[in-house]
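This report looks at how the parts of one protein model meet and how a ligand is held within it. The sequence and the coordinates are shown first.

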Amino acid sequence: MKPFVGGIEAGGTKFVCAVGTGRDDIQAETRFPTTTPAETIGRAIAFFQAQQANRGPLAAIGIAAFGPLDPNPQSPTYGYITTTPKPGWANADFAGAVARVLSVPVGFDTDVNGAALGEWRWGAAQGLDTFIYLTIGTGIGGGVMVNGQLLHGLIHPEMGHISLPHDWAADPYAGRCPYHGDCLEGMAAGPAIGDRWGQPAFELPAGHPAWALEAHYLALALRTFICTLSPQRIILGGGVMEQPQLFPLVRQKTQAVLNGYVQSPAILQQIDSYIVPPGLGNRAGVLGAMALALAQLA
Ligand code: ADP
Ligand code: ZN
């Protein structure tokens, strides 16, 4: 029998919690706004307790959370959200709070590593061992699988904060990352687009110059990730990628900035299946959390 597990997609603005056995079997789901850790984690725990009472015991729970966080099981602050500016959440013990009350194994990782694992299990990365999942939303973050393992390293990757060539004459916008100004996130996340053009990103028409510039920055970032990690595929999710015209632009510009250097048919001939949307669509987050739960049972 397939294990019955829970997942928490813990975002900075909302939490989504679900129980089930996988992509085609989500048996219950709830969502609520992210407030204080005590209240928000409390609501998640109450949801799982109610589901256990109705449907039987959960084998594990996965948490795919906003960060920065500590995903290292050997560390004293494992399972904590660490240095976030989000009020109340700095140094909040998240995984521990869930594990203590529900007494189940808890998987804990970044939202994007979770989404990567969900895409690997059920979505657009099935059968691959080295790939990246990037979200372009309120922020920019990347989850990475290398040789079949989610990458943590020192802490976890922060792919949104790489630097990019910035042609100030073509784009005088200074960027809005509080740490780096014009890093990738500072220049290309949803709020930066809104700020630069004086209008929310989702209101800009498809033909607006914002999208060619956005694709330009994303292509420069993908060149860096392709040249450093050698991913077999790149999955682009998040609200900004809801603009369907972005995919063809990003593919074309990525080929252009690589300039033929990386000699793979995946890039030279099959770019449409190399840079792709999430196979799980907007379920990538919560299914990613459930995949982190299943990984605890492996
Ligand atoms: P989050 O990153 O907070 O989890 P999203 O991935 O939905 O959430 O990203 C929200 C950001 O994406 C906002 O800055 C918003 O302006 C932008 N966004 C959402 N929908 C669209 C859209 N259809 N087109 C362009 N930008 C969008
Ligand atoms: Zn930055």
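**Domains and their interface**

The model is predicted, and in it the protein is divided into domain 1, which is made of residues 5-115 together with 282-295, and domain 2, which runs over 124-277. The contact between them draws 11 residues from domain 1 and 13 residues from domain 2, while the C-alpha centres of the two domains lie 26 Å apart.

Between them, domain 1 and domain 2 bury about 900 Å², with 60% of this area on carbon and sulfur atoms. On the domain 1 side, P71, V112 and N113 account for 53% of the area buried against domain 2, which is more than any other three residues supply. As for polar interactions, the count of salt bridges between domain 1 and domain 2 is zero, whereas four residue pairs, with both partners at pLDDT 80 or more, are in polar contact across the interface.

Which elements give two or more residues to the side of domain 1 that touches domain 2? They are β7 (106-110), α3 (111-122) and α9 (284-295), and of the contributions to this side the largest share, three residues, comes from α3. By residue class, the side of domain 1 that touches domain 2 is made up of seven nonpolar, two polar and two charged residues.

**The ligand site**

Ligand 1 is surrounded by G137, T138, G190, P191, A201, F202, W211, G238, G239, V240, E242 and Q243.

| Residue and its atom | Atom of ligand 1 | Distance |
|---|---|---|
| T138, side-chain N or O | oxygen | 2.6 Å |
| G239, backbone N or O | oxygen | 2.8 Å |
| Q243, polar side-chain atom | nitrogen | 2.7 Å |

**Two backbone details**

Most residues other than glycine have a negative phi, and most peptide bonds are trans. Against that background, the peptide bond that joins G67 and P68 is cis, with omega at about -5°, and P68 is found in the loop between β4 (60-65) and β5 (80-81). N147, although not a glycine, has a positive phi of about 50°, and N147 sits in the loop between β9 (140-146) and β10 (149-150).

Conventions. Residues are numbered from 1 along each chain as its sequence is written. Chains are lettered from A and ligands numbered from 1 in the order in which they are written. This is a predicted model: local features need pLDDT of at least 70, side-chain atom pairs count only at pLDDT 80 or more; totals for chains, interfaces and linings use all residues. Side-chain values use heavy atoms; hydrogens and water are left out. Domain bounds come from an automatic or database domain assignment. Contact means heavy atoms within 4.5 Å. Buried area is the accessible area (1.4 Å probe) that two parts lose on being put together, summed over both. A salt bridge is a side-chain nitrogen of Lys or Arg within 4 Å of a carboxyl oxygen of Asp or Glu. A polar contact is a pair of N or O atoms within 3.5 Å; within protein, one must be able to donate a hydrogen and the other to accept it, and residues adjacent in sequence count only if both atoms are side-chain atoms. Helices (H or I, at least four residues) and strands (E, at least two) are DSSP runs, numbered from the N terminus. Ala, Val, Leu, Ile, Met, Phe, Trp, Tyr, Cys and Pro count as nonpolar, Asp, Glu, Lys and Arg as charged, and the others, Gly among them, as polar. A residue is near a molecule or strand if one of its heavy atoms lies within 4 Å of it.
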